[in-house]
Amino acid sequence: MSMATLETTMPNVSAKDQKAPPRRRSHDTLWHALPIWRIGIPIAMLALLIGVWALYVWAYDVPHYILPSPMRVAQALYTDWHILAPALMVTLQITFTALAIALVGGVALAVLMSQSRFAEMALYPYAVVLQVTPIVAIAPLILIYAPTTQAALLICAWIVAFFPILSNTTQGLKSTDHNLLNLFELYGASRWQTLMYLKMPNALPYFLAGLKIAGGLALIAAVVAEFAAGSAGAGSGLAFRLLESQFRLNIPRLFAALFLLSLTGVAIFFTTNAISHLLLRKWHESALKREN
């Protein structure tokens, strides 16, 4: 039988019929397709925990100066807002100012050390020393030399937030593909062009990872530094309000201040995550969605 006869006898299968049957969506695809579950499940878990907390306080008749009910905490947050809000603003100001200085200083020093081996050998060991020294141990010394208490708190928060930015950005700049570096050299690119068009984009995911770490650490350092400084008065932050509430056995206000600190930390985390997603979503593997 000839090939022409075979072609005429074979059924005509169209391209549409040759398509494979549609595959079922994986669990990950369904999870991303239904973002309501990603929001609803944590909220439901939080509501369950608050319900268990309220039930425990009611069932065992726990005094409010030992463990207040969620209703008492909400009431304290409302009635003492005129006290907690200014303290929250002081803590936020120290946190974000220290983070901004850490971003500028950390990136600038990382670029300097990536461009100069001598600068890296001279400066990086002292950055490590600042990082590994407990901030509580050096806070009294900073208080002696700082012109004001607020400046001392800012320095303490900056020291803690600085190293993650420096370390991650330096690692990103040094992790550039050597083949691409050779290609830039082959085309006669200057050191500035290589830095701006190759090394900096390559270091961006590392920098954003350091930003996520530094954001939370800046808040923690601001609170710990205020604990160590023992600052008080009109310009005090939430850390002082925590100590004040503890000394006065005003536990509902203490829980309200803790709630504000936790809410601030969560807001910083989600903000840095959103920034990372916006900058990486179109090109980096960590932010791209898989097709299978």
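The second largest pocket of this predicted model has a volume of about 450 Å³, a pocket being an open set of points on a 1 Å grid over the protein atoms alone, with protein on both sides within 12 Å along at least five of seven lines. Of the 13 residues that line this pocket (an atom within 4 Å of a point), Leu 46, Ile 50, Trp 53, Val 73 and Phe 259 are the closest to its centre. Two or more lining residues are given by each of helix H4 (35-60), helix H5 (70-79) and helix H13 (251-280), helices being DSSP runs (H or I, at least four residues) numbered from the N terminus. H13 provides the largest share of the lining, five residues. By class, the lining comprises 12 nonpolar residues, one polar residue and no charged residues.

The crossing of H8 and H11 is right-handed. Ile 135, Val 136, Ala 139 and Leu 143 of H8 and Val 224, Ala 228 and Ala 229 of H11 make the contact, defined by heavy atoms within 4.5 Å. The residues of this contact divide into seven nonpolar, no polar and no charged.

Residues are numbered from 1 along each chain as its sequence is written, and side-chain values use heavy atoms, with hydrogens and water left out. Local features need pLDDT of at least 70 and side-chain atom pairs count only at pLDDT 80 or more, whereas totals for chains, interfaces and linings use all residues.

Notes: On a 1 Å grid over the protein atoms alone, a cavity is a set of points where a 1.4 Å probe fits but cannot get out, and a pocket is an open set with protein on both sides within 12 Å along at least five of seven lines; lining residues have an atom within 4 Å of a point. Grid points are joined across faces, edges and corners, and a volume is the space filled by probe spheres set on the points. Ala, Val, Leu, Ile, Met, Phe, Trp, Tyr, Cys and Pro count as nonpolar, Asp, Glu, Lys and Arg as charged, and the others, Gly among them, as polar. A crossing is left-handed if the near helix is turned anticlockwise from the far one by less than a right angle, and right-handed if clockwise.
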